[in-house]
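Here are my notes for your first read-through. Keep the model open and find each residue as you go.

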Amino acid sequence: MSLKQLMMDDIDDVFLDADEFAELHDINGAQVLCVIDEDISKQRSGRQSGNYDGIHMRQLTLFVKETDLGYRPERDQKMTVDSEWYLVIDCTATAGMLEIELGANQV
C-alpha cells in the first residue's frame, strides 16, 4: 500500500469520521461531511473575531475532501456554509484534503 493511500485511509478513518471530528454541514446547498474550525483562523490572523469600527469579521477554516466537495475553490470565490455567505481567502490541498480559509464581514 502506498503512502498516499495510507494518508487517504487516515483522513476517512480518523479526521473525517463522524464519530470523532467531522459533521455534516450545508456547503453551497449540499450536505458535506467536513470539519469547521474557527480557532485556527483566529490564531493565524492574530486577532479575535469581533467588532472593528462597526463591522464584525468572522473567519473559519473548512477541512473537506476535494472529492466530497467536487471542486477546488479559488481565492475570492463566494461560498455558503450553513446558509451564510463567505469569501475564500485561501485554499490549499494535501493528499486530496482541502483546507479552505473563509472570511465574512458582517455589519
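1. Start with Thr61, which lies in strand 4. This is a predicted model. Thr61 has 0% relative accessibility, so it counts as buried. Its side chain is joined to that of Glu101 by a polar contact of 2.9 Å.

2. The largest nonpolar core has 16 residues. Those with the most contacts inside it are Ile27, Leu62, Val64, Leu69, Met79, Ile100 and Leu102. Strands 2, 4, 5, 6 and 7 each give two or more residues to this core. Strand 7 gives the most, with four residues.

3. Look at Ile27 next. Leaving out residues up to four places away in sequence, Ile27 touches Val32, Cys34, Leu62, Leu69, Met79, Thr80 and Val81. There is also a second, separate core of five residues. Among them are Leu16, Val35, Phe63 and Met97.

4. Is strand 7 enclosed or open? Eight of its 10 residues are buried, so strand 7 is largely enclosed by the rest of the structure. Strand 7 runs antiparallel to strand 6, and seven bridges join the two. One place to check is Leu87, whose bridge partner in strand 7 is Gly103. The hairpin of strand 6 and strand 7 has two residues between the strands. In this hairpin, Ala95 takes a positive phi near 50 degrees.

5. Check the cysteines. Cys34 counts as buried because its relative accessibility is 1%. Cys91 is at 17%, and buried means under 20%, so Cys91 counts as buried too. How many disulfides does a search of the whole structure find? The search finds zero.

6. On to charged pairs. Side chains of opposite charge can pair when their charged atoms come close. A search of the whole structure finds three salt bridges. In one of them, Glu38 meets Arg58 at 2.9 Å, N to O. Glu38 lies in the loop between strand 2 and helix 2, and Arg58 lies in strand 4, so the pair ties together parts that are 20 residues apart in sequence.

7. Arg58 also meets Glu84 in a salt bridge, at 3.1 Å, N to O. Glu84 is in strand 6 and Arg58 in strand 4, 26 residues apart, so this pair links distant parts of the chain. Glu38 is partly exposed at 31% relative accessible area. Glu84 is partly exposed at 30%.

8. Finally, Glu66 forms a salt bridge with Arg72, with the closest N and O atoms 3.1 Å apart. Glu66 counts as partly exposed at 22% relative accessibility. Arg72 is partly exposed at 45%. Through shared partners, salt bridges join Glu38, Arg58 and Glu84 into one network.

Conventions:
Residues are numbered from 1 along each chain as its sequence is written. This is a predicted model: local features need pLDDT of at least 70, side-chain atom pairs count only at pLDDT 80 or more; totals for chains, interfaces and linings use all residues. Side-chain values use heavy atoms; hydrogens and water are left out. A nonpolar core is a set of buried Ala, Val, Leu, Ile, Met, Phe, Trp, Tyr and Cys residues joined through side-chain atoms within 4.5 Å. Buried means under 20% relative accessible area, exposed over 50%, partly exposed in between (1.4 Å probe, protein chains only). Contact means heavy atoms within 4.5 Å. A polar contact is a pair of N or O atoms within 3.5 Å; within protein, one must be able to donate a hydrogen and the other to accept it, and residues adjacent in sequence count only if both atoms are side-chain atoms. A disulfide is a pair of cysteine sulfur atoms within 2.5 Å. Two strands pair if DSSP finds at least two bridges between them. A salt bridge is a side-chain nitrogen of Lys or Arg within 4 Å of a carboxyl oxygen of Asp or Glu.
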